[in-house]
Amino acid sequence: MHVDIVPVGDLPALVKREASTGLRSVYDCDVTVHDPQSVPEGAYDADRDQYRAEEFIDLAKRVGVGTKNVAVTDMDLFYRRRNYVFGLAYLDGNGSVISTHRLQTSSDGGISNKSASEVFAERVRKEVVHEIGHTLGLEHCDNKRCVMNFSPTVREVDVKEQTLCGSCQRTVL
């Protein structure tokens, strides 16, 4: 498998590096990081002051040439009627997106002695692995420690491991 990371906007090197590291470590795949792209035209919803996640997925699929493609942005994303999303992917598709916007907020509630940048880096790795997992056909997992567990808040993201549980791993392999 080859995953193309498509940065959208001006992302720090840390984000691109952590996304790449997370994907390589969990899926043992090749990763290419593309040149930064502009925010997709028409993605911004002025009424919500947020961006439509689907537009970023379409961009990732247009720019990326990998088996799987993921747009990575720091824009605040939403999908349909949800207030916000950390990421979005279509099951068994080849496009996905993650947003670091809300991953930078809040703390891990003191559950670790890690610095804010270490916690943020872990969140980026977890979310990119989660969304690519969906493109591989994985649905949300009931195991709270599995990276495929549904986590609507950063607190729940922080509780998850950065890896797939045994059941999800067997499904992908």
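Predicted model: local features only at pLDDT ≥ 70, side-chain atom pairs only at ≥ 80, totals over all residues.
Trainee: Which side chains meet in a salt bridge at 2.8 Å, N to O?
Mentor: Those of Asp 76 and Arg 102 do, with 2.8 Å between N and O.

Trainee: How many salt bridges does a search of the whole structure find?
Mentor: The search finds six. One of the salt bridges is formed by Glu 127 and Lys 160, whose closest N and O atoms are 3.8 Å apart. This pair also links distant parts of the chain: Glu 127 belongs to helix α3, while Lys 160 is in the loop between α4 (154–159) and α5 (166–172), 33 residues apart.

Trainee: What is the relative accessible area of Glu 127?
Mentor: It is 3%, so Glu 127 is buried. Lys 160 counts as buried as well, at 3% relative accessibility.

Trainee: Which residue does Arg 145 meet in a salt bridge?
Mentor: Arg 145 meets Glu 161, side chain to side chain, at 2.7 Å from N to O. Arg 145 is in the loop between α3 and α4, and Glu 161 is in the loop between α4 and α5, 16 residues apart. Arg 145 is partly exposed, with a relative accessible area of 43%. Glu 161 is partly exposed too, with a value of 35%.

Trainee: Changing topic to the largest pocket: how much space lies in it?
Mentor: About 380 Å³. The pocket is lined by 20 residues, and the closest to its centre are Arg 82, Gly 87, Glu 131, His 140 and Phe 150.

Trainee: Which element gives the most to that lining?
Mentor: Helix α3 does, with four residues. Both β7 (87–89) and α3 (116–135) supply at least two residues each.

Trainee: What is the lining like by class?
Mentor: It has ten nonpolar, five polar and five charged residues.

Trainee: Staying with α3, what about His 134? What does its side chain reach?
Mentor: His 134, which lies in helix α3, reaches the backbone oxygen of Leu 138 with its side chain, at 2.7 Å. His 134 counts as buried because its relative accessibility is 9%.

Trainee: Which residues is His 134 in contact with, leaving aside neighbours within four places in sequence?
Mentor: The contacts are Ala 89, Tyr 90, Leu 91, Asp 92, Glu 139, His 140 and Met 148. One of them, His 140, was also named among the residues closest to the centre of the largest pocket.

Trainee: Where does Tyr 79 lie?
Mentor: Tyr 79 is in the loop between β6 and β7. At 13% relative accessibility, Tyr 79 counts as buried. A polar contact of 3.1 Å joins its side chain to that of Arg 80. Leaving aside neighbours within four places in sequence, Tyr 79 is in contact with Glu 54, Val 85, Leu 88 and Tyr 90.

Trainee: How many residues apart in sequence are Tyr 79 and Ser 117?
Mentor: They are 38 residues apart in sequence, and 27 Å apart in space, C-alpha to C-alpha.

Trainee: And Val 6, how far is it from Phe 56 in space?
Mentor: The C-alpha atoms of Val 6 and Phe 56 are 9.3 Å apart, with the two residues 50 apart in sequence. Val 6 lies in strand β1 (residues 2–8) and is buried, with a relative accessible area of 0%.

Trainee: What does Val 6 touch, not counting residues up to four places away in sequence?
Mentor: Val 6 touches His 34, Gln 37, Ala 60, Val 63, Gly 64, Val 70, Ala 71 and Val 72.

Methods. Residues numbered from 1 in each chain as written. Heavy atoms only, no water. 1 Å grid on protein atoms, 1.4 Å probe; cavity = no way out; pocket = protein on both sides within 12 Å on 5 of 7 lines; lining within 4 Å. Points joined across faces, edges and corners; volume = space filled by probe spheres on them. Nonpolar A, V, L, I, M, F, W, Y, C, P; charged D, E, K, R; others polar. Buried < 20%, exposed > 50% of the residue type's maximum accessible area, 1.4 Å probe, protein only. Polar contact = N/O pair within 3.5 Å; in protein donor to acceptor, adjacent residues only side chain to side chain. Contact = heavy atoms within 4.5 Å. Salt bridge = Lys/Arg side-chain N within 4 Å of Asp/Glu carboxyl O.
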